[in-house]
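Good morning, and thank you for joining. Please look at the sequence and the model on the screen, and I shall then take you through the packing.

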Amino acid sequence: MVPTVRILNLSKNELNLVWELNKMKGLDLEELWLEGNPLCDTFPDQPTYISAIKDCFPKLLRLDGQELSPPVITDTDTPCLIKPCKESYKGSDALKSLVLQFLQQYYLIYDSGDRRGLLDAYHEEACFSLAIPSSPEDPALSSLCEYFKESRNMKKPKEPSLCVQPLKHTKHNIVGSLCVLPKTQHDLSSFLVDMWFQTEKVLCFSVNGVFKEVEGKSQGSVRAFTRTFIATPASNS
């Protein structure tokens with residue numbers, strides 16, 4: 001409704017997550033004020049904060065009164081963030097920033113209480129599986145019953161179809177399965193991230209860390225997890 005707006009002041013509102021700004025992504029903002037919003041405290045440092053906001057508003061020149069470097073004009077049809085790796089860790093700083101920004105936004109949405117916002121993180125034909133490295137028959141692990149329902153271990157089933165059934169296919173099925181898992185709060189400071197494969201079209205990385213359940217009969221339980229992501233460049237996500 002206001003496509004000509006160039007300066008916008010949203011200071012001291014109740015914006016909690018960066019993805020809430022997606023509603024305004026079409027604006028060609030040159031100056032934006034966000035100070036005093038909870039989302040400003042979700043970033044580990046100022047460069048990561050600036051990078052995330054500039055991802056929403058590429059033409060931004062000033063953020064919270066601070067002058068930013070001028071935008072770099074690129075061919076939008078060519079993925080520019082992921083380059084072929086001709087030597088060990090060439091371009092690793094840019095990729096590190098990209099991966100950390102992705103993980104931060106992903107888990108902030110995951111913990112927000114409404115995981116439907118993760119639809120933008122998945123390809124239309126994405127796949128997802130979850131596995132618990134223990135037995136559901138162990139009485140000491142009864143608190144993990146909500147996870148065992150979705151667990152996939154290809155070594156266990158005798159019928160081949162049971163290996164395929166727990167595999168979630170398409171982004172709507174994936175996010176639907178994530179929405180029924182217990183509500184959580186991840187400890188971002190615990191994350192151990194490893195990026196182990198990259199080409200122009202694919203980036204593979206894993207993250208280890210801990211989270212706490214914040215609802216239900218296992219409220220307060222702390223879990224350790226490992227996630228592997230296979231990512232591809234996208235024009236707007």
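Contact here means heavy atoms within 4.5 Å. On that basis, and not counting residues up to four places away in sequence, Tyr-106 touches Leu-118, Ala-121, Tyr-122, Leu-178, Arg-227 and Phe-229. This is a predicted model, in which local features need pLDDT of at least 70 and side-chain atom pairs count only at pLDDT 80 or more, whereas totals for chains, interfaces and linings use all residues. Residues are numbered from 1 along each chain as its sequence is written, and side-chain values use heavy atoms, with hydrogens and water left out.

I turn to the cores. A nonpolar core is a set of buried Ala, Val, Leu, Ile, Met, Phe, Trp, Tyr and Cys residues joined through side-chain atoms within 4.5 Å. Buried means under 20% relative accessible area, exposed over 50%, and partly exposed in between, with a 1.4 Å probe and protein chains only. Which members of the largest nonpolar core touch the most other members? Of its 28 residues, they are Tyr-106, Tyr-107, Leu-118, Tyr-122 and Leu-178. At least two residues each come from α2 (92–110), α3 (145–148), α5 (171–179), β9 (203–213) and β10 (222–231); helices (H or I, at least four residues) and strands (E, at least two) are DSSP runs, numbered from the N terminus. Helix α2 gives the largest share, seven residues. Another core, of 20 residues, lies apart from this one and includes Leu-39, Ala-52, Phe-57 and Leu-60.

Next, helix α1 (residues 46–56), whose buried residues are Thr-48, Tyr-49, Ile-50, Ala-52, Ile-53, Lys-54 and Cys-56. Their cover includes β2 (31–33), β3 (62–63), β4 (66–67) and α2.

How do α1 and α2 meet? Their axes come within 11 Å and cross at roughly 80°; axes are lines fitted to C-alpha atoms, for helices over the stretch in contact, and angles run from 0 to 180 degrees between N-to-C directions. The two helices are therefore roughly perpendicular, the class for 65 to 115 degrees. Thr-48, Ser-51, Ala-52 and Asp-55 of α1 make the contact with Ser-97, Gln-101, Gln-104 and Gln-105 of α2.

Finally, the sheet. Four strands form an open sheet of mixed pairing, ordered β1-β2-β3-β4; two strands pair if DSSP finds at least two bridges between them. The edge strands, β1 (7–9) and β4, each pair on one side only. Strands β1 and β2 are parallel over three bridges, and Ile-7 stands opposite Glu-31 in β2.

Technical notes: Angles under 35 degrees count as roughly parallel, over 145 as roughly antiparallel, 65 to 115 as roughly perpendicular and the rest as oblique.
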